[in-house]
Amino acid sequence: MLQLPEMYRLVREFPRPRLQDIETTVVRELERLQLREKIVPGARIGITAGSRGIQNLPEILRHTAAYIRQRGGIPCLLAAMGSHGGGTAAGQQEMLDGLGITAASTGAPVVTCADCEEIGRTGSGLPVYMVKSAREVDGILVVNRVKTHTSFKGLVESGLVKKLVVGLGGPKGARQFHSFGPAELSRLLLEMGTVILERCQVLGGLAILENAYEETADIRGVTAAGLIDEESRLLEYSKSLMPSLPVENLDLLIIQEMGKNFSGTGIDTNIVGRCRIQGVAEPESPAIQRIAVLDLSEESHGNATGIGLADFVTRRLVEKMDRHATYLNCLTSTFVVRAAIPMYFDSEEKLLAAALSSLGGMATETLRIAIIPNTLFLAESYVSAAVAAQLRGRSGLSVSAAAENIRFDGEGNITLRVE
């Protein structure tokens, strides 16, 4: 019988700025961009719609489309997701439908497209690509969440510029961008983004900022002329709102669910301290000896990118994996190890037994274990007695007084869950 430590429920408080009135904010920020003067009556304006699970995105897109329509423009939503959705128009449509981004929910038609064309070259001669659908509109309004990236760091990371370069770059643009490796990506974003801003009618952007509870913290209008500088400042603010694990070192981290709706890598590398990129040093913290993942989210549509960041997974997760979508994503990014399937087991009980065995028979009372729902929502978790003892008395968190035990149901699944 498995010897398991007692677990304690942990509730943490992160900075929580929250936007109360999305419609008013969207209209105010679009007014700041002086779109009244830029939208010619009858002009077709494309609004980017990506493949990430961004809170309130359908509502934000709906108010944006309504604003354009009221100013005489004809809004449409441009699928901007690089190689996601299997690199096909049909796959893009499926992903957007799954995110609730439809003509009915936003009041604007959705335009999918995987065909790309070259629009110019960087100073070093690199071609810059854009999907044809984006070339056929009269103006582009780029909408995206701004946050730190899971594979590279720089002046801008995951945000508006990347949405233009990679999202609207389509499969061909995404494949070229990622082929250069993480050390070059930040520089390429700036170079390619500059070409797009010079060659395309980008009207500006809406930068979405989220707090640690995945709530909309703010929405900021960003001018086309200041897109890079303004996004860089917002990126620093976004980093200050990110969640984190409660401690810097663990023997075992159990993640209930991974998926593209939680992170571009399925498992946020910034949270777990693993990159698994050849030639790139692993972060020094957090230091986690073993990572186990129990399931793949339905919203991920089988894309199990990031499965290779784990040490142990369940058969259930592997069977949900769409190898084509996963492999395409990881081949495009060139981070192929992230698609590698780790040891997998028929039940969570067998998985946990293997994970503990791999730790070399550590004393139960010293095991440092945490259970989290995913790498996005970290306000609530379970921690073992050794971790709980370290955290008691710290400000901004509470540890339950009563212990709970890890038990298994008839199918060998862990019953102790963070809901």
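Figure 1. Cys-275 is buried, with a relative accessible area of 11% (buried means under 20% relative accessible area, exposed over 50%, and partly exposed in between, with a 1.4 Å probe and protein chains only). The structure is a predicted model, in which local features need pLDDT of at least 70 and side-chain atom pairs count only at pLDDT 80 or more, while totals for chains, interfaces and linings use all residues. Residues are numbered from 1 along each chain as its sequence is written, and side-chain values use heavy atoms, with hydrogens and water left out. The closest cysteine sulfur to that of Cys-275 belongs to Cys-330 and lies 14 Å away, too far for a bond. A disulfide is taken as a pair of cysteine sulfur atoms within 2.5 Å, and by this rule the count is 0 disulfides. Cys-113 is likewise in no disulfide, the nearest cysteine sulfur being that of Cys-116 at 7.0 Å. Cys-113 counts as buried, at 11% relative accessibility.

**Figure 2. The salt bridge between Glu-215 and Arg-16.** A salt bridge is a side-chain nitrogen of Lys or Arg within 4 Å of a carboxyl oxygen of Asp or Glu, and the whole structure holds 25 salt bridges. In this view the side chains of Glu-215 and Arg-16 meet at 2.6 Å, N to O. Glu-215 lies in the loop between strand 8 (202–210) and strand 9 (216–222), and Arg-16 in the loop between strand 1 (7–12) and helix 1 (22–32), so the pair ties together parts that are 199 residues apart in sequence. Helices (H or I, at least four residues) and strands (E, at least two) are DSSP runs, numbered from the N terminus. Arg-16 is partly exposed, with a relative accessible area of 38%.

**Figure 3. The salt bridge between Arg-315 and Asp-346.** The closest N and O atoms of Arg-315 and Asp-346 are 2.6 Å apart. This pair links distant parts of the chain, 31 residues apart: Arg-315 is in helix 12 (residues 315–320), and Asp-346 is in the loop between strand 13 and helix 14 (348–357). Arg-315 is partly exposed at 34% relative accessible area, whereas Asp-346 counts as exposed at 51%.

**Figure 4. The salt bridge between Glu-29 and Arg-28.** Glu-29 and Arg-28 form a salt bridge whose closest N and O atoms are 2.9 Å apart. Glu-29 is buried, with a relative accessible area of 5%, while Arg-28 counts as partly exposed at 44%.

**Figure 5. A network of salt bridges.** Salt bridges link Asp-295, Glu-298, Arg-316, Lys-320, Glu-348 and Arg-417 in a network.

**Figure 6. The largest cavity.** On a 1 Å grid over the protein atoms alone, a cavity is a set of points where a 1.4 Å probe fits but cannot get out, and lining residues have an atom within 4 Å of a point. There are 4 cavities of 30 Å³ or more, and the largest has a volume of about 520 Å³, taken as the space filled by probe spheres set on the points. The largest cavity is lined by 35 residues, of which Arg-52, His-84, His-149, Lys-162 and Gly-264 are the closest to its centre. Two or more lining residues come from each of strand 7 (139–145), helix 7 (160–167), helix 8 (170–178) and helix 13 (323–333). Helix 7 gives the largest share, 4 residues.

Definitions and conventions: On a 1 Å grid over the protein atoms alone, a cavity is a set of points where a 1.4 Å probe fits but cannot get out, and a pocket is an open set with protein on both sides within 12 Å along at least five of seven lines; lining residues have an atom within 4 Å of a point.
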